Amino acid sequence: MLKAYLDLMSQPSRALYIFLKYTKIPHTIHPVALRKGEHLQPEFTKINPFKVVPVIDDDGFLLPESVAILQYLCNKHNIHSLYPKDLQQRAKIEAFTHWQHLNLRFAGGGLFQSLLIQPLATGKPIDEARVQLSKKVLKASLGKIEQIYLKDTPFLNSDSLSIADILGVCEVMQVQMGLGMDVPTHYPKVAKWIELVRESVGASIFDDAHSFILKAGEKVRKMEVSVPKL
């Protein structure tokens with residue numbers, strides 16, 4: 001049976017979790033607590049020498065990288081609804097999954113790391129330069145989602161749910177739920193898309209996947225971290 005190693009604090013891990021629950025592919029979840037350094041332990045580095053999550057073990061076939069994992073599983077299980085067979089439609093989905101790494105993911109991850117993870121882990125002051133750069137890229141990324149990826153379709157470059165939406169929504173929720181940034185007010189099309197993705201995968205699956213990041217958001221509020229406004 002497929003084994004999925006993940007941590008729900010991680011955006012790509014949540015994307016894999018939602019994907020597996022939604023598609024009902026038989027699997028077992030193996031939590032890897034990043035905050036405890038479990039990804040650095042020899043037992044895990046044998047599974048993924050890159051020391052990151054998620055990673056899957058499919059009967060001995062080890063595969064890291066969330067985008068590659070979702071593409072592989074869609075191909076293996078013929079899940080064409082989330083990863084179309086049509087080459088042009090598939091290319092549109094892949095265009096977003098490539099773009100988001102150095103845009104949406106770079107920005108949201110940078111903010112979350114700078115405002116919460118690094119200060120807690122190191123005790124050092126917040127890197128304000130990184131925060132401002134991440135904010136700038138985040139605003140540009142959300143703007144491009146509204147102006148380009150959601151310009152003519154309810155989902156990202158598509159009339160139906162795809163792996164691009166599952167990956168993308170987890171990145172946005174990292175700053176909306178994890179940091180309390182007011183995405184809905186400033187980006188209404190993005191807010192509508194988030195709710196559409198939530199309804200499409202199932203509210204219970206979506207909310208369960210994000211329950212841990214919600215707790216992180218509560219910690220941010222208690223710490224009285226100065227989260228930049230959009």
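This is a predicted model: local features need pLDDT of at least 70, side-chain atom pairs count only at pLDDT 80 or more; totals for chains, interfaces and linings use all residues.
Trainee: What is the volume of the largest pocket?

Mentor: A volume is the space filled by probe spheres set on the grid points, which are joined across faces, edges and corners. For the second largest pocket it is about 160 Å³. For the largest pocket the volume is about 850 Å³.

Trainee: Which residues are closest to the centre of the largest pocket?

Mentor: Residues are numbered from 1 along each chain as its sequence is written, and side-chain values use heavy atoms, without hydrogens and water. Of the 30 residues that line the largest pocket, the closest to its centre are M9, S10, L34, Q113 and I117.

Trainee: Which helix gives the most to the lining of the largest pocket?

Mentor: Helices (H or I, at least four residues) and strands (E, at least two) are DSSP runs, numbered from the N terminus. At least two lining residues come from each of α1 (11–23), α5 (104–122) and α11 (211–223). With 9 residues, the helix that gives the most is α5.

Trainee: How much space lies in the largest cavity?

Mentor: A cavity is a set of grid points where a 1.4 Å probe fits but cannot get out. Q11, P12, A15, S66, Q100, H101, R105, L167, C170 and E171 line the largest cavity, with α1 and α7 each supplying at least two of its lining residues. The space in this cavity is about 50 Å³.

Trainee: Is α4 roughly parallel or roughly antiparallel to α7?

Mentor: The axes, lines fitted to C-alpha atoms over the stretch in contact, with angles from 0 to 180 degrees between N-to-C directions, come within 9 Å for α4 (residues 87–99) and α7 (residues 163–176) and cross at roughly 20 degrees. Angles under 35 degrees count as roughly parallel and over 145 as roughly antiparallel, with 65 to 115 roughly perpendicular and the rest oblique. Because of its crossing angle, α4 is, relative to α7, roughly parallel.

Trainee: Which residues of α4 and α7 make the contact?

Mentor: Contact means heavy atoms within 4.5 Å. From α7 come I163, A164, L167 and G168, and from α4 come I93, F96 and T97.

Trainee: Where is P54 found?

Mentor: A cis peptide bond, with omega about 5 degrees, joins V53 and P54. Most peptide bonds are trans. P54 is found in the loop between α2 (42–45) and β3 (55–58).

Trainee: What is the phi of D59?

Mentor: D59 is in the loop between β3 and β4 (61–64). Most residues other than glycine have a negative phi. D59 is not a glycine, yet its phi is positive, at about 55 degrees.

Note on methods. On a 1 Å grid over the protein atoms alone, a cavity is a set of points where a 1.4 Å probe fits but cannot get out, and a pocket is an open set with protein on both sides within 12 Å along at least five of seven lines; lining residues have an atom within 4 Å of a point.
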